[in-house]
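Subject: Structure handover

Hello,

Here is the structure we talked about. Please keep it open while you read the notes under it.

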Amino acid sequence: MLQKKLLDELRKKSHKTYLVSAHIHLEGDALGSELAMARLLRALGKKVIVVNEDFAPLEYEFLPGVGDIRHEMKKIDYDAAVIVDCSDVSRIGKVASLICDNKPMINIDHHISNTMFGDFNWVKPKASCASEMVYELYGALGVEIKKEDAILLYTGILADTGSFRYATTSAWTHEVVSRLMRHNIDVYQIHRRINESFSFRTIQLFGKIIASIETDETGKIAWLVMRQHMVKIEPTLADQTDALIQFARSLKGVEVALLFKEVRKSREVRINLRSTGKVDVNALAHVFGGGGHRMASGATVRGSLKQVVARVVFEAKRKVGR
Ligand SMILES: [Mn+2]
């Protein structure tokens with residue numbers, strides 16, 4: 001629940017400068033919620049520095065304020081930190097080196113796997129995304145939504161709900177969207193920019209990855225593989241998790257969809273997991289030291305692609321149960 005304690009902390013007079021960050025591998029919700037959070041705090045008269053280890057993917061460069069994000073890990077003199085859309089503080093990557101232990105940390109997130117790492121924690125697994133939670137903060141703190149805020153929050157919601165398709169999309173989500181749309185935002189352009197702006201090479205590589213689809217003998221587990229050499233050809237490919245994994249998820253009869261991304265340099269494989277409803281993929285990711293949500297999660301596993309695929313599919317079979 002949104003507590004007065006947290007609101008008081010955000011309003012606190014002695015907090016003049018805020019550090020705001022979100023998770024590595026920036027995507028729509030991380031960017032939308034952190035940039036809207038920054039604007040909200042500025043509206044309260046605060047100085048805000050947004051820091052991310054990664055740069056925003058090209059398709060998100062239109063977002064208001066994205067150009068002001070800091071990427072150098074130079075010490076920041078701040079009074080309080082707000083971390084959004086992170087299940088754990090380690091998710092902010094190198095930005096963790098800027099965190100001072102003696103300064104309050106505010107954790108605003110919707111991952112069920114959240115470790116309650118903050119001094120103030122507002123974790124709402126029922127929320128469709130962190131942006132939806134930040135929207136609630138605008139209301140609770142009496143800050144008026146401007147067009148730029150509406151663009152940021154709408155983008156976060158659109159991205160994290162898979163364009164309002166996923167199970168976390170609620171009546172409230174649509175209500176928030178309805179209110180945001182009153183600010184005359186161009187929803188079609190936002191959709192085009194984030195969902196329909198792939199490069200030619202990306203689409204060609206999509207073809208290869210989709211053609212690599214495999215299933216287990218029951219057809220309940222389907223997986224796709226992204227090879228390291230493909231990412232070398234097109235580095236932005238690694239950001240296209242949702243666009244790709246939907247092909248595995250949309251196969252009839254599938255209960256668990258997996259995308260394996262090979263990172264040969266560190267001999268690791270990044271796995272993205274999606275459920276179609278029955279299987280809790282947060283629990284499945286947890287077996288491999290990862291986490292996320294019931295319907296969508298991730299993990300990073302050491303080993304060769306072949307080994308990791310075998311291990312994860314084996315565990316997935318146990319979760320699917322036969
Ligand atoms: Mn999110």
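The notes below go through the domains, then the sheets and helices.

This is a predicted model, in which local features need pLDDT of at least 70 and side-chain atom pairs count only at pLDDT 80 or more, while totals for chains, interfaces and linings use all residues. Residues are numbered from 1 along each chain as its sequence is written.

Domains

The domain assignment gives domain 1 (4-195) and domain 2 (200-320); such bounds come from an automatic or database domain assignment. The centres of the two domains, taken over C-alpha atoms, are separated by 27 Å. Eleven residues from domain 1 and nine residues from domain 2 make the contact (two residues are in contact if their C-beta atoms, placed from the backbone, lie within 7 Å). On the side of domain 1 that touches domain 2, five residues are nonpolar, five polar and one charged. Here Ala, Val, Leu, Ile, Met, Phe, Trp, Tyr, Cys and Pro count as nonpolar, Asp, Glu, Lys and Arg as charged, and the others, Gly among them, as polar.

The five-stranded sheet

Helices (H or I, at least four residues) and strands (E, at least two) are DSSP runs, numbered from the N terminus. Two strands pair if DSSP finds at least two bridges between them. Five strands form an open sheet with parallel pairing, in the order E2-E1-E3-E4-E5. At its edges are strand E2 (47-50) and strand E5 (120-123), each of which pairs on one side only. On average, neighbouring strands of this sheet are turned by 15° against each other, direction ignored. (Axes are lines fitted to C-alpha atoms, for helices over the stretch in contact, and angles run from 0 to 180 degrees between N-to-C directions.)

Strand E1 (residues 17-21) pairs with E2 in the parallel sense over four bridges, and Val20 has Val50 in E2 as its bridge partner. Helix H2 (residues 28-43) packs on this sheet and touches E1, E2 and strand E3 (80-84), with its direction at about 165° to that of E2. Helix H3 (residues 130-140) also packs on the sheet, touching E3, strand E4 (105-109) and E5, and its direction makes about 115° with that of E4.

Helix pairs

The axes of H2 and helix H4 (residues 147-160) come within 7 Å and cross at roughly 155°. H2 and H4 are therefore roughly antiparallel to each other (angles under 35 degrees count as roughly parallel, over 145 as roughly antiparallel, 65 to 115 as roughly perpendicular and the rest as oblique). The residues of this contact of H2 with H4 divide into six nonpolar, five polar and five charged.

H4 also packs against helix H5 (residues 171-181), at an angle of about 150° and with the axes 10 Å apart. What meets Thr173, Val176, Val177 and Leu180 in H5? Ala150, Leu153, Tyr154 and Ile157 in H4 do. In the contact of H4 with H5, seven residues are nonpolar, one is polar and none is charged.

The six-stranded sheet

Another open sheet has six strands in the order E6-E7-E8-E9-E11-E10, with mixed pairing. Its edge strands are E6 (214-215) and E10 (291-292). Strand E8 (residues 256-263) and strand E9 (residues 268-275) pair in the antiparallel sense over eight bridges, and Val256 stands opposite Ser275 in E9. Helix H9 (residues 241-249) lies across strand E7 (221-226), E8 and E9, at about 135° to E8.

Regards
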